[in-house]
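Subject: Structure handover, salt bridges

Hello,

Here is the structure I promised to pass on. Please open it alongside this note.

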Amino acid sequence: MATTARDSAIPAGSIREDAWWVQPLLTVLVLGGFIVYATWRTFENAHFTTLGTDLFSAGRVGDLLSPFYSPHIAIDWKLLGYHVSPALLILPFPLSFRLTCYYYRKAYYRSFFGKPAACGVPGSRNLFGQYTGEKYWPMAFQNLHRFAFYAAFIFIFILAFDVYKSTHFVDGWGISVGTIVLLLNVVFLAAYTFGCHSWRHLIGGRIDCFSCSVMNKTRYGLWKKATVLNENHQLWAWTSLFGVALADMYIRLVTSGAIADHVFFKVVNG
Ligand code: FES
C-alpha cells in the first residue's frame, strides 16, 4: 500500500495518534514505586509487629502484623553479619503469584519491556524474541502460576487470622483502625485471588455438564462467582496492591510510635 502524506506525519514506531503511552508510563511509576517500597520494607526487618511494643503491653493479646511479615516467623539467622529478614522467606510466594498473573504479565510486558508497549504499537510479542507461547523456556516459567495460586490461597487464611488476632485484648475484644486496615487488605486480596484465571479453571474447568450432579452444580455456582471477580481482575490487582502497601505503612507508623492505633470500641469481659 502506498504511503500517504498522513502516514508520514505519524510518529515513528506507532500508528496510533492517541496518548497510548500514558497507561504504560503510569504502570511503570506505580508498579516500580511498589517494588522499591516493598524491597526496602523487606530488608528493613523492623517495625512490622506490635509484639514487644508499648501498644502490645498496654493490652493487646493478639498483635498487629504487617502483611509483608505474615505469618510471623521468629528466626535469628545471620548471613555475612546481616540478620536475615523473615520477610525474605515469605516474599517468594506473593511475588511469584503476582509476577506470573495473567493481568500483570500484560502490564509489565507492555510497560517495562515494550513487548509491545500497547495495541497498534510495534514490538515483538515475547520478552525473548519470537513468540512461541509459553511452551518453551524461559517463557515456560509463567506456568508456575497455577502452583503460585495454591500458596496465595493459603495466605488468604493466614491474613484473615491476623485480622482475628487484632481484635483480641487482655480484657476483651474490640475493633481498632488496625483491624479495619487488615480486614480491607484481606478482602482486596481475596477478591484478587478468587478472580484468578487458575482458580476459575480449577473450579469450573474440565466439566462437560454443569447440571449433571450436585458437585457439578456447586462448581458451576463457584465458577460464576469467580467469573464476576475475574471480569474485574485488573481492578482487584491494583486495589490489592495498594491495600497491602497501605496496610504495611499503617502498621509501620503504629509500631514505630509515629501514631496510635485508635480503638473504636471494646467489649470488656464480664
Ligand atoms: S491470573 Fe491474575 S492472579 Fe491468577
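Below is what I found on its salt bridges.

First, a caution: this is a predicted model. The structure holds six salt bridges. Here are some of them.

Start with Glu44. Glu44 forms a salt bridge with Arg41. Their closest N and O atoms are 2.4 Å apart. Both residues sit in helix α2, which covers residues 22-44. They are three residues apart there, so about one helical turn separates them. Arg41 has 0% relative accessibility, so it counts as buried. Glu44 is at 21% and counts as partly exposed. The cut-off for buried is under 20%.

Glu44 also forms a salt bridge with Arg252. Here the closest N and O atoms are 2.5 Å apart. This pair links distant parts of the chain. Glu44 belongs to helix α2, while Arg252 belongs to helix α11, residues 233-255. The two are 208 residues apart.

Now go to Lys266. Its side chain meets that of Asp171 in a salt bridge, at 3.4 Å from N to O. Lys266 is partly exposed, with a relative accessible area of 36%. Asp171 is partly exposed as well, at 31%.

One last point concerns shared partners. Salt bridges join Arg41, Glu44, Asp248 and Arg252 into one network.

Best wishes

Methods. Residues are numbered from 1 along each chain as its sequence is written. This is a predicted model: local features need pLDDT of at least 70, side-chain atom pairs count only at pLDDT 80 or more; totals for chains, interfaces and linings use all residues. Side-chain values use heavy atoms; hydrogens and water are left out. A salt bridge is a side-chain nitrogen of Lys or Arg within 4 Å of a carboxyl oxygen of Asp or Glu. Helices (H or I, at least four residues) and strands (E, at least two) are DSSP runs, numbered from the N terminus. Buried means under 20% relative accessible area, exposed over 50%, partly exposed in between (1.4 Å probe, protein chains only).
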